[in-house]
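Let's take a friendly walk through a protein model together. Keep the sequence beside you as you read, and look up each residue as it comes along.

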Amino acid sequence: MSNPTYILGGHQTDFAKVWSRNGQDLSDMTRETTLGTLEACGLDASAIESIHVGNAFGELQRQQAHLGAMVAQVVPELWGVPAMRHEGACASASLAVLSAMAEIEAGRYDCVLVLGVEEFKNLPGNEASMNQNAAAWQGHEGFDCKFMWPAAFGRVAQEYEQRYGLDRRHLNRIAEINYTNAKSNPLAQTRKWAFDERSFTDDDEANPWIEPGTRRQDCGQITDGGAGIVLASPRFAAEHARRTGRSLEGMARITGWGHRNAGLRLQDKFDRSRDEAYVFPHLRTALEDAWRRAGVSGVADMDGVETHDCFTTTEYVAIDHLGLTPPGQSWQAVEDGSIAPGGRCPINMSGGLIGCGHPVGATGSRMLLDAARQVTGTADAAQIDGARRLQTLNIGGSCATVVSFVVEGA
(Lines give C-alpha, C1' and ligand atoms only; values in the text may rest on other atoms or scores of the structure.)
Protein backbone atom coordinates (compact mmCIF):
# COMPACT_ATOMS: atom_id res chain seq x y z
CA MET A 1 0.00 0.00 0.00
CA SER A 2 1.55 3.29 -1.09
CA ASN A 3 -0.08 5.24 1.73
CA PRO A 4 -0.41 2.94 4.74
CA THR A 5 -2.53 3.76 7.75
CA TYR A 6 -0.45 4.01 10.90
CA ILE A 7 -1.37 2.55 14.29
CA LEU A 8 -0.09 4.99 16.92
CA GLY A 9 -0.84 2.65 19.83
CA GLY A 10 -3.74 1.35 21.85
CA HIS A 11 -5.19 -0.06 25.03
CA GLN A 12 -6.95 -3.25 26.07
CA THR A 13 -8.94 -3.68 29.27
CA ASP A 14 -8.51 -6.78 31.44
CA PHE A 15 -10.69 -9.39 29.75
CA ALA A 16 -11.07 -11.27 33.06
CA LYS A 17 -12.88 -8.31 34.65
CA VAL A 18 -16.64 -8.58 35.16
CA TRP A 19 -17.69 -4.94 35.04
CA SER A 20 -21.17 -5.37 36.52
CA ARG A 21 -19.72 -6.88 39.71
CA ASN A 22 -17.99 -3.54 40.26
CA GLY A 23 -21.17 -1.56 39.71
CA GLN A 24 -19.92 -0.56 36.26
CA ASP A 25 -21.26 -0.99 32.75
CA LEU A 26 -20.60 -0.30 29.07
CA SER A 27 -20.17 3.42 29.70
CA ASP A 28 -17.34 2.85 32.19
CA MET A 29 -15.71 0.43 29.78
CA THR A 30 -15.93 3.04 27.02
CA ARG A 31 -14.31 5.66 29.26
CA GLU A 32 -11.43 3.42 30.37
CA THR A 33 -10.75 2.21 26.84
CA THR A 34 -10.76 5.75 25.44
CA LEU A 35 -8.56 7.29 28.11
CA GLY A 36 -6.20 4.31 28.12
CA THR A 37 -5.82 4.49 24.36
CA LEU A 38 -5.05 8.21 24.39
CA GLU A 39 -2.50 7.74 27.17
CA ALA A 40 -0.82 4.81 25.42
CA CYS A 41 -0.44 6.92 22.28
CA GLY A 42 0.75 10.03 24.09
CA LEU A 43 -2.10 12.04 22.59
CA ASP A 44 -4.34 14.74 23.92
CA ALA A 45 -8.05 14.34 23.22
CA SER A 46 -7.87 17.47 21.04
CA ALA A 47 -5.89 15.47 18.44
CA ILE A 48 -8.82 13.14 17.72
CA GLU A 49 -10.79 14.25 14.65
CA SER A 50 -13.21 11.34 14.30
CA ILE A 51 -14.38 8.34 16.36
CA HIS A 52 -15.62 4.87 15.32
CA VAL A 53 -17.07 2.40 17.83
CA GLY A 54 -17.50 -1.32 17.20
CA ASN A 55 -20.24 -3.02 19.26
CA ALA A 56 -22.53 -5.93 18.46
CA PHE A 57 -25.03 -6.42 21.26
CA GLY A 58 -25.35 -3.26 23.35
CA GLU A 59 -29.11 -3.00 22.79
CA LEU A 60 -29.74 -6.61 23.82
CA GLN A 61 -27.35 -6.78 26.76
CA ARG A 62 -27.87 -3.28 28.22
CA GLN A 63 -30.74 -1.79 26.19
CA GLN A 64 -28.06 0.72 25.24
CA ALA A 65 -27.59 1.86 21.66
CA HIS A 66 -26.18 5.10 20.18
CA LEU A 67 -22.66 4.25 21.34
CA GLY A 68 -20.96 6.76 19.08
CA ALA A 69 -22.39 9.50 21.30
CA MET A 70 -21.48 7.55 24.43
CA VAL A 71 -17.81 8.43 23.94
CA ALA A 72 -18.37 12.18 24.36
CA GLN A 73 -20.75 11.48 27.24
CA VAL A 74 -18.07 9.77 29.31
CA VAL A 75 -15.04 11.67 27.95
CA PRO A 76 -16.29 15.28 27.67
CA GLU A 77 -13.02 16.38 26.09
CA LEU A 78 -14.30 14.65 22.93
CA TRP A 79 -17.58 16.60 22.86
CA GLY A 80 -18.25 17.76 19.30
CA VAL A 81 -16.03 15.17 17.59
CA PRO A 82 -17.84 13.22 14.81
CA ALA A 83 -18.57 9.67 15.96
CA MET A 84 -20.46 6.61 14.75
CA ARG A 85 -21.12 3.02 15.82
CA HIS A 86 -20.67 -0.11 13.66
CA GLU A 87 -22.28 -3.53 13.98
CA GLY A 88 -21.13 -6.64 12.15
CA ALA A 89 -21.45 -9.31 14.84
CA CYS A 90 -17.96 -10.48 15.89
CA ALA A 91 -16.37 -8.33 13.15
CA SER A 92 -17.88 -5.06 14.40
CA ALA A 93 -14.58 -3.43 15.40
CA SER A 94 -12.92 -4.42 12.13
CA LEU A 95 -15.72 -2.62 10.27
CA ALA A 96 -15.04 0.40 12.48
CA VAL A 97 -11.38 0.20 11.46
CA LEU A 98 -12.26 -0.01 7.75
CA SER A 99 -14.42 3.10 8.05
CA ALA A 100 -11.71 4.98 9.92
CA MET A 101 -9.15 4.02 7.29
CA ALA A 102 -11.47 5.18 4.51
CA GLU A 103 -11.82 8.60 6.18
CA ILE A 104 -8.05 8.91 6.47
CA GLU A 105 -7.44 7.76 2.89
CA ALA A 106 -10.06 10.22 1.62
CA GLY A 107 -8.27 13.06 3.36
CA ARG A 108 -11.19 13.90 5.63
CA TYR A 109 -9.24 13.33 8.85
CA ASP A 110 -5.67 12.57 9.90
CA CYS A 111 -6.16 11.11 13.38
CA VAL A 112 -9.03 8.76 14.22
CA LEU A 113 -9.92 6.87 17.39
CA VAL A 114 -11.34 3.34 16.99
CA LEU A 115 -12.92 1.55 19.94
CA GLY A 116 -14.40 -1.90 20.33
CA VAL A 117 -16.49 -2.46 23.46
CA GLU A 118 -18.80 -5.25 24.59
CA GLU A 119 -20.44 -6.31 27.85
CA PHE A 120 -21.76 -9.85 28.34
CA LYS A 121 -21.33 -10.82 31.99
CA ASN A 122 -24.16 -8.57 33.25
CA LEU A 123 -26.74 -11.20 32.22
CA PRO A 124 -27.00 -14.95 32.92
CA GLY A 125 -25.03 -17.06 30.45
CA ASN A 126 -28.06 -18.62 28.77
CA GLU A 127 -29.64 -15.20 28.23
CA ALA A 128 -26.42 -13.78 26.80
CA SER A 129 -26.16 -16.82 24.54
CA MET A 130 -29.68 -16.23 23.21
CA ASN A 131 -28.81 -12.60 22.49
CA GLN A 132 -25.87 -13.71 20.33
CA ASN A 133 -28.27 -15.64 18.10
CA ALA A 134 -29.13 -12.28 16.51
CA ALA A 135 -25.96 -12.70 14.42
CA ALA A 136 -27.55 -15.70 12.68
CA TRP A 137 -30.70 -15.64 10.52
CA GLN A 138 -33.30 -15.90 13.22
CA GLY A 139 -35.75 -18.71 12.57
CA HIS A 140 -34.18 -19.65 9.23
CA GLU A 141 -31.00 -21.58 10.04
CA GLY A 142 -32.83 -24.90 9.78
CA PHE A 143 -31.46 -26.84 12.74
CA ASP A 144 -32.77 -27.33 16.24
CA CYS A 145 -30.35 -26.74 19.08
CA LYS A 146 -30.00 -25.26 22.55
CA PHE A 147 -26.93 -23.21 21.70
CA MET A 148 -26.87 -21.71 18.19
CA TRP A 149 -23.17 -20.99 17.75
CA PRO A 150 -21.73 -24.23 19.19
CA ALA A 151 -24.22 -26.00 16.94
CA ALA A 152 -23.34 -23.94 13.88
CA PHE A 153 -19.60 -24.43 14.19
CA GLY A 154 -20.16 -28.06 15.10
CA ARG A 155 -21.74 -28.28 11.66
CA VAL A 156 -18.59 -26.71 10.21
CA ALA A 157 -16.62 -29.55 11.80
CA GLN A 158 -19.05 -32.06 10.32
CA GLU A 159 -18.71 -30.42 6.90
CA TYR A 160 -14.92 -30.81 7.05
CA GLU A 161 -15.37 -34.41 8.19
CA GLN A 162 -17.59 -35.15 5.18
CA ARG A 163 -15.41 -33.37 2.61
CA TYR A 164 -11.90 -34.18 3.80
CA GLY A 165 -11.97 -36.20 7.02
CA LEU A 166 -11.39 -34.67 10.45
CA ASP A 167 -9.60 -35.99 13.54
CA ARG A 168 -10.78 -34.35 16.76
CA ARG A 169 -7.29 -34.64 18.22
CA HIS A 170 -6.32 -31.68 16.09
CA LEU A 171 -9.20 -29.53 17.38
CA ASN A 172 -8.22 -30.42 20.94
CA ARG A 173 -4.63 -29.42 20.20
CA ILE A 174 -5.74 -26.02 18.85
CA ALA A 175 -7.57 -25.40 22.14
CA GLU A 176 -4.55 -26.47 24.16
CA ILE A 177 -2.19 -24.15 22.25
CA ASN A 178 -4.47 -21.13 22.68
CA TYR A 179 -5.12 -21.71 26.39
CA THR A 180 -1.39 -22.18 26.92
CA ASN A 181 -0.57 -18.99 25.01
CA ALA A 182 -3.07 -17.09 27.17
CA LYS A 183 -1.02 -17.84 30.29
CA SER A 184 1.61 -15.41 28.94
CA ASN A 185 -0.96 -12.65 28.40
CA PRO A 186 -1.58 -10.54 31.54
CA LEU A 187 -4.91 -9.31 30.09
CA ALA A 188 -6.30 -12.71 29.06
CA GLN A 189 -9.55 -13.90 30.58
CA THR A 190 -8.25 -17.44 31.13
CA ARG A 191 -4.68 -16.69 32.23
CA LYS A 192 -5.25 -18.28 35.65
CA TRP A 193 -7.45 -21.17 34.56
CA ALA A 194 -6.21 -24.66 35.40
CA PHE A 195 -6.48 -27.80 33.26
CA ASP A 196 -5.46 -31.43 33.67
CA GLU A 197 -4.29 -34.07 31.23
CA ARG A 198 -7.88 -34.98 30.30
CA SER A 199 -8.98 -31.43 29.49
CA PHE A 200 -7.80 -31.56 25.90
CA THR A 201 -9.08 -35.02 25.07
CA ASP A 202 -12.50 -36.36 24.10
CA ASP A 203 -13.16 -37.34 27.71
CA ASP A 204 -16.92 -36.87 28.14
CA GLU A 205 -16.54 -35.73 31.75
CA ALA A 206 -13.57 -33.37 31.43
CA ASN A 207 -14.56 -32.10 27.96
CA PRO A 208 -18.28 -32.77 27.42
CA TRP A 209 -20.29 -32.26 24.26
CA ILE A 210 -22.11 -28.92 24.04
CA GLU A 211 -23.72 -29.55 20.65
CA PRO A 212 -22.95 -32.17 17.97
CA GLY A 213 -19.45 -31.47 16.66
CA THR A 214 -18.54 -29.10 19.51
CA ARG A 215 -17.11 -29.94 22.93
CA ARG A 216 -16.61 -27.49 25.78
CA GLN A 217 -12.93 -26.80 25.08
CA ASP A 218 -13.75 -26.02 21.46
CA CYS A 219 -15.61 -22.89 22.56
CA GLY A 220 -14.20 -19.36 22.69
CA GLN A 221 -14.83 -17.41 25.86
CA ILE A 222 -17.49 -14.73 25.69
CA THR A 223 -16.48 -11.98 28.10
CA ASP A 224 -16.53 -8.25 28.90
CA GLY A 225 -13.93 -5.95 27.47
CA GLY A 226 -12.74 -3.05 25.39
CA ALA A 227 -9.85 -2.47 23.00
CA GLY A 228 -8.93 0.81 21.37
CA ILE A 229 -6.40 2.02 18.81
CA VAL A 230 -5.60 5.35 17.18
CA LEU A 231 -5.15 5.34 13.41
CA ALA A 232 -3.31 8.12 11.59
CA SER A 233 -2.32 9.31 8.15
CA PRO A 234 1.36 9.16 7.15
CA ARG A 235 1.61 12.93 7.61
CA PHE A 236 0.18 12.90 11.11
CA ALA A 237 2.20 9.82 12.04
CA ALA A 238 5.42 11.49 10.93
CA GLU A 239 4.64 14.59 13.02
CA HIS A 240 3.68 12.37 15.98
CA ALA A 241 6.94 10.42 15.65
CA ARG A 242 8.92 13.67 15.76
CA ARG A 243 6.97 14.92 18.79
CA THR A 244 7.45 11.70 20.74
CA GLY A 245 11.00 10.93 19.66
CA ARG A 246 9.97 7.75 17.88
CA SER A 247 10.97 6.41 14.48
CA LEU A 248 8.26 6.50 11.82
CA GLU A 249 9.78 3.38 10.24
CA GLY A 250 9.41 1.55 13.55
CA MET A 251 5.71 2.32 13.95
CA ALA A 252 3.03 -0.23 13.12
CA ARG A 253 1.04 0.36 9.98
CA ILE A 254 -1.80 -1.33 8.13
CA THR A 255 -0.59 -2.08 4.61
CA GLY A 256 -3.36 -4.33 3.35
CA TRP A 257 -6.98 -5.17 3.99
CA GLY A 258 -9.69 -7.49 2.74
CA HIS A 259 -13.43 -7.36 3.42
CA ARG A 260 -16.01 -9.76 2.01
CA ASN A 261 -19.55 -10.77 2.93
CA ALA A 262 -21.79 -13.74 2.37
CA GLY A 263 -25.37 -14.33 3.44
CA LEU A 264 -26.42 -15.07 6.99
CA ARG A 265 -27.50 -18.72 6.75
CA LEU A 266 -24.76 -21.29 7.22
CA GLN A 267 -26.22 -24.04 5.04
CA ASP A 268 -26.37 -21.69 2.04
CA LYS A 269 -22.61 -21.24 2.28
CA PHE A 270 -22.04 -24.97 2.32
CA ASP A 271 -24.33 -25.45 -0.66
CA ARG A 272 -22.66 -22.71 -2.72
CA SER A 273 -19.14 -24.07 -2.09
CA ARG A 274 -19.98 -27.73 -2.72
CA ASP A 275 -17.73 -27.92 -5.81
CA GLU A 276 -15.15 -25.37 -4.64
CA ALA A 277 -11.67 -26.02 -3.25
CA TYR A 278 -12.46 -24.09 -0.07
CA VAL A 279 -15.44 -24.42 2.25
CA PHE A 280 -15.71 -20.60 2.42
CA PRO A 281 -14.38 -19.19 -0.89
CA HIS A 282 -15.23 -15.58 0.05
CA LEU A 283 -13.05 -15.91 3.16
CA ARG A 284 -10.14 -17.01 0.99
CA THR A 285 -10.79 -14.03 -1.32
CA ALA A 286 -10.70 -11.59 1.61
CA LEU A 287 -7.27 -12.94 2.57
CA GLU A 288 -6.06 -12.69 -1.02
CA ASP A 289 -7.34 -9.10 -1.21
CA ALA A 290 -5.31 -8.21 1.89
CA TRP A 291 -2.16 -9.79 0.45
CA ARG A 292 -2.61 -8.04 -2.90
CA ARG A 293 -3.09 -4.64 -1.31
CA ALA A 294 -0.07 -5.20 0.95
CA GLY A 295 2.05 -6.26 -2.02
CA VAL A 296 2.91 -9.68 -0.59
CA SER A 297 2.50 -13.15 -2.03
CA GLY A 298 0.66 -14.84 0.83
CA VAL A 299 0.91 -16.36 4.28
CA ALA A 300 4.55 -17.32 3.69
CA ASP A 301 5.32 -13.61 4.09
CA MET A 302 3.69 -13.49 7.54
CA ASP A 303 5.56 -13.94 10.81
CA GLY A 304 2.35 -14.82 12.63
CA VAL A 305 -1.43 -14.57 12.59
CA GLU A 306 -4.13 -13.37 14.98
CA THR A 307 -7.20 -15.24 13.83
CA HIS A 308 -10.79 -15.75 14.81
CA ASP A 309 -11.17 -18.84 16.97
CA CYS A 310 -14.65 -18.39 18.37
CA PHE A 311 -14.40 -22.19 18.15
CA THR A 312 -11.49 -24.49 17.37
CA THR A 313 -13.23 -25.23 14.09
CA THR A 314 -12.99 -21.56 13.08
CA GLU A 315 -9.22 -21.64 13.51
CA TYR A 316 -9.13 -24.96 11.66
CA VAL A 317 -10.90 -23.18 8.78
CA ALA A 318 -8.45 -20.27 8.95
CA ILE A 319 -5.41 -22.55 8.68
CA ASP A 320 -6.21 -24.00 5.27
CA HIS A 321 -7.85 -20.84 3.90
CA LEU A 322 -4.67 -18.91 4.80
CA GLY A 323 -2.74 -21.45 2.73
CA LEU A 324 -0.68 -22.92 5.56
CA THR A 325 -1.86 -26.27 4.17
CA PRO A 326 -3.78 -27.42 1.08
CA PRO A 327 -7.58 -27.12 1.36
CA GLY A 328 -9.00 -29.51 3.95
CA GLN A 329 -5.60 -30.46 5.34
CA SER A 330 -5.37 -28.02 8.26
CA TRP A 331 -4.40 -30.90 10.54
CA GLN A 332 -0.92 -30.90 8.98
CA ALA A 333 -0.07 -27.45 10.40
CA VAL A 334 -1.39 -28.50 13.81
CA GLU A 335 0.53 -31.77 13.86
CA ASP A 336 3.88 -30.42 12.63
CA GLY A 337 3.92 -27.50 15.08
CA SER A 338 3.60 -24.76 12.44
CA ILE A 339 0.97 -22.82 14.44
CA ALA A 340 2.56 -23.24 17.89
CA PRO A 341 5.02 -20.77 19.45
CA GLY A 342 8.30 -21.12 17.58
CA GLY A 343 6.57 -22.62 14.53
CA ARG A 344 6.72 -21.30 10.99
CA CYS A 345 3.55 -19.22 11.53
CA PRO A 346 2.50 -18.95 15.18
CA ILE A 347 -1.24 -18.38 15.53
CA ASN A 348 -2.89 -16.48 18.39
CA MET A 349 0.11 -15.79 20.60
CA SER A 350 -2.37 -13.62 22.56
CA GLY A 351 -4.45 -16.70 23.37
CA GLY A 352 -7.03 -15.83 20.75
CA LEU A 353 -10.74 -15.80 21.48
CA ILE A 354 -10.45 -19.14 23.27
CA GLY A 355 -7.68 -18.08 25.63
CA CYS A 356 -7.66 -14.27 25.69
CA GLY A 357 -11.45 -13.97 25.59
CA HIS A 358 -14.06 -12.74 23.15
CA PRO A 359 -15.90 -9.50 23.97
CA VAL A 360 -17.56 -9.66 20.58
CA GLY A 361 -17.50 -6.03 19.51
CA ALA A 362 -13.92 -5.55 20.72
CA THR A 363 -12.27 -8.57 19.13
CA GLY A 364 -11.33 -6.94 15.82
CA SER A 365 -9.56 -3.99 17.44
CA ARG A 366 -7.93 -6.30 20.01
CA MET A 367 -6.46 -8.40 17.19
CA LEU A 368 -5.02 -5.31 15.50
CA LEU A 369 -3.56 -4.07 18.76
CA ASP A 370 -1.86 -7.40 19.39
CA ALA A 371 -0.57 -7.49 15.81
CA ALA A 372 0.81 -3.96 16.24
CA ARG A 373 2.55 -4.99 19.45
CA GLN A 374 4.14 -7.94 17.68
CA VAL A 375 5.58 -5.92 14.79
CA THR A 376 6.92 -3.23 17.14
CA GLY A 377 8.57 -5.76 19.44
CA THR A 378 6.41 -4.82 22.43
CA ALA A 379 4.45 -8.05 22.91
CA ASP A 380 6.53 -9.02 25.96
CA ALA A 381 6.13 -12.70 26.88
CA ALA A 382 4.00 -13.33 23.77
CA GLN A 383 6.60 -11.87 21.39
CA ILE A 384 7.38 -13.71 18.16
CA ASP A 385 11.12 -13.30 17.62
CA GLY A 386 11.82 -10.84 14.82
CA ALA A 387 8.17 -10.37 13.88
CA ARG A 388 7.80 -7.71 11.18
CA ARG A 389 4.51 -8.63 9.48
CA LEU A 390 1.32 -10.13 10.91
CA GLN A 391 -2.14 -10.83 9.55
CA THR A 392 -5.48 -10.66 11.32
CA LEU A 393 -8.64 -12.52 10.37
CA ASN A 394 -11.90 -11.45 12.01
CA ILE A 395 -15.19 -13.23 11.30
CA GLY A 396 -18.79 -12.24 12.06
CA GLY A 397 -21.55 -14.83 12.31
CA SER A 398 -21.03 -18.08 10.42
CA CYS A 399 -18.37 -16.45 8.20
CA ALA A 400 -21.00 -13.98 6.95
CA THR A 401 -18.74 -10.94 7.49
CA VAL A 402 -15.02 -11.45 6.96
CA VAL A 403 -12.27 -8.84 7.48
CA SER A 404 -8.51 -9.28 7.33
CA PHE A 405 -5.66 -6.81 7.83
CA VAL A 406 -1.93 -7.01 7.16
CA VAL A 407 0.09 -5.12 9.77
CA GLU A 408 3.78 -4.30 9.31
CA GLY A 409 6.56 -2.80 11.41
CA ALA A 410 10.19 -1.93 10.84
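The model is a predicted one, in which local features need pLDDT of at least 70 and side-chain atom pairs count only at pLDDT 80 or more, while totals for chains, interfaces and linings use all residues. Residues are numbered from 1 along each chain as its sequence is written, and side-chain values use heavy atoms, with hydrogens and water left out.

**The cores**

Let's begin on the inside. In soluble globular proteins, nonpolar side chains tend to be buried together. A nonpolar core here is a set of buried Ala, Val, Leu, Ile, Met, Phe, Trp, Tyr and Cys residues joined through side-chain atoms within 4.5 Å. "Buried" means under 20% relative accessible area, "exposed" means over 50%, and "partly exposed" is in between, with a 1.4 Å probe and protein chains only.

Which residues touch the most other members of the largest nonpolar core? They are F280, L283 and I339, in a core of 58 residues. Two or more residues each come from α6, α7, α9 (266-272), α10 (281-294), α11, α12 (331-335), β10 (389-396) and β11 (401-408). Of these elements, α6 gives the largest share, eight residues.

Contact here means heavy atoms within 4.5 Å. Another core, of 30 residues, lies apart from the largest one, and its members include L38, V53, V117 and A241.

**A buried threonine**

T314 sits in helix α11 (residues 312-322). Is T314 buried or exposed? T314 counts as buried because its relative accessibility is 1%. Beyond residues up to four places away in sequence, T314 is in contact with F153, H308, D309 and I395. One of these, F153, returns in the next section.

**Rings that pair**

The structure holds 10 aromatic pairs. Rings of Phe, Tyr and Trp (its six-membered ring) pair if their centres lie within 6.5 Å; planes under 30 degrees apart count as stacked, over 60 as edge-to-face and the rest as tilted. F153 and F311 make a stacked pair, 5.2 Å from centre to centre with 20 degrees between the planes. This pair links distant parts of the chain, 158 residues apart: F153 belongs to helix α6 (residues 148-163), and F311 to the loop between β9 (304-307) and α11. Both F153 and F311 are buried.

Y160 and Y164 form a tilted pair, 5.3 Å centre to centre with 50 degrees between the planes. Y160 is buried, at a relative accessible area of 1%, whereas Y164 is partly exposed, at 25%. Elsewhere, ring pairs join Y179, W193, F195 and F200 into a cluster.

Rings can also have a charge over them: NZ of Lys or CZ of Arg must be within 6 Å of the ring centre and within 35 degrees of the ring normal. K17 lies over the face of W19, 3.6 Å from the ring centre, and R215 lies over the face of W209, at 4.0 Å.

**Charged pairs**

Side chains of opposite charge can pair when their charged atoms come close. A salt bridge is a side-chain nitrogen of Lys or Arg within 4 Å of a carboxyl oxygen of Asp or Glu. How many salt bridges does a search of the whole structure find? The search finds 24 salt bridges. Here are some of them.

| Salt bridge | N to O distance |
|---|---|
| R163 and E159 | 2.9 Å |
| D167 and R169 | 3.0 Å |
| E205 and R198 | 4.0 Å |

R163 and E159 both lie in helix α6, four residues apart, which is about one turn of the helix. R163 is partly exposed, with a relative accessible area of 22%, but E159 is buried, at 5%. In the next pair, D167 is partly exposed at 30% relative accessibility, and R169 is exposed, with a relative accessible area of 52%. E205 is exposed, at a relative accessible area of 62%, while R198 counts as partly exposed at 32%. Salt bridges that share partners also join R168, D202, D204, R215 and D218 into one network.

**A loop residue**

Finally, look for P186 in the loop between α7 (168-182) and β5 (209-211). P186 is exposed, with a relative accessible area of 60%. P186 and A379 are 193 residues apart in sequence, and their C-alpha atoms are 11 Å apart in space.
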